[in-house]
Amino acid sequence: MTEAAPELLAVTTDDGVRLATDHYRTGPDGSALGTVLIRTPYGRGGCSGQARAWLRAGYSVLVQDVRGRYDSEGDWEPYDSEGSDGAAVVHRLADHGVLSGPLILAGASYDAHCAVECARALEAARTMNGQRAVTPFAVLAMVPALGLYETAHAPDGRPRLLDRIGWWHQHGFAGESRPPLAKTELRRRHLLARSSGMEWVRESLVKDSEYGSGSAAKWRRLWEAPPLDLTARYGNLTSPLLVISGNEDFFTAEALSLAEAWGSTATGTRVETLWGPWGHRLSNDLNAETAVAFRREGGLMARIEAFLAGVASTAPDNSRTAWLWGQSPVHPTWAWWPTTTEHLRRHGEP
């Protein structure tokens, strides 16, 4: 049976900008297990597979182009307004009765930034304005790209020039993503950047004449941004958080730091970490044999559903758990093994 196409909504932010949103409904009104919100700069149509996986699991889904991208109005300024925009969207959807059941904020990479920032803004709004209290049932942050500094620098402070040149060329400046740089051109720009020094990179690598008015200023903002204090930013949050990352991702250290910082100065939250032998594409990075074993265990969705069931059935208890998909020397079969974020940071193996 062919699944119905999503309904297109235009959701208005507090400053009047309309954001294009696909609404995937499951079953009759009121029958959904909850509503999943995914906000993305990569084109909401690219999330249709994700959305339909949630739909098959019994959830309604909203997938939205962020401000200034694809069919959404406004100016695109990466890592600038996803918290305030996300919270405004959630409140608007709640006011119009669009949210069905508990709210789940989900996303991978930049979309994970949107999810955690939306949760932060919603919890702040609850504190300041109780009658407009809409807070997440859970937050799912997969291979999170947390901020300007965090994406532009390795944990030791070295600039991630190759990756940032490629990402910003493709996604950072225009209303829609452009084709990636050819490998030879990306390599040329990377070598030029390394040999010219960071002052030249900041001031001269990106030109408005190539990428459009204001692009050079956006590029400078990337390299001038300070690191986030994750404990100050997320330590007081109580929304349950599931972090998913892996040994081969760009942002493994940042994902672990997020899991350790979230709710660390609060009481009554739940944080779980799922880890695997994959990179930024998660289980799509697995080889064929390992992928078969992973699907046999239900894949990531089975673990996500277990996490959500646990949130629904138990009171917040400040629990922090971590699970690693891997092979044990004692039992050389693929399975989920209990671990800790400290162990993952040191070893990343059972």
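Tutor: Begin with pairing: two strands count as paired if DSSP finds at least two bridges between them. Keep in mind that this model is predicted.

Student: How many bridges join β6 to β7, and do they run parallel or antiparallel?

Tutor: Four bridges join β6, residues 138–142, to β7, residues 241–246, and the two run parallel. Take Met142: its bridge partner in β7 is Ile244.

Student: In what order do the strands form the sheet?

Tutor: The order is β1-β2-β4-β3-β5-β6-β7-β8-β9-β10. That makes an open sheet of 10 strands with mixed pairing. β1 (7–12) and β10 (334–339) each have a single partner strand, so one side of each lacks a neighbour in the sheet. From one strand to the next, the twist averages 20°.

Student: Which strands does β2 pair with, and how do they run?

Tutor: Six bridges link β2 to β1, antiparallel.

Student: Why is β2 described as largely enclosed?

Tutor: Buried means under 20% relative accessible area. Six of the seven residues of β2 (18–24) are buried, so the rest of the structure largely encloses this strand.

Student: Which strands does helix α13 lie across?

Tutor: Helix α13, residues 299–313, lies across β5, β6, β7, β8, β9 and β10. The helix runs at about 170° to β8.

Technical notes: Residues are numbered from 1 along each chain as its sequence is written. This is a predicted model: local features need pLDDT of at least 70, side-chain atom pairs count only at pLDDT 80 or more; totals for chains, interfaces and linings use all residues. Side-chain values use heavy atoms; hydrogens and water are left out. Axes are lines fitted to C-alpha atoms, for helices over the stretch in contact, and angles run from 0 to 180 degrees between N-to-C directions. Contact means heavy atoms within 4.5 Å. Buried means under 20% relative accessible area, exposed over 50%, partly exposed in between (1.4 Å probe, protein chains only).
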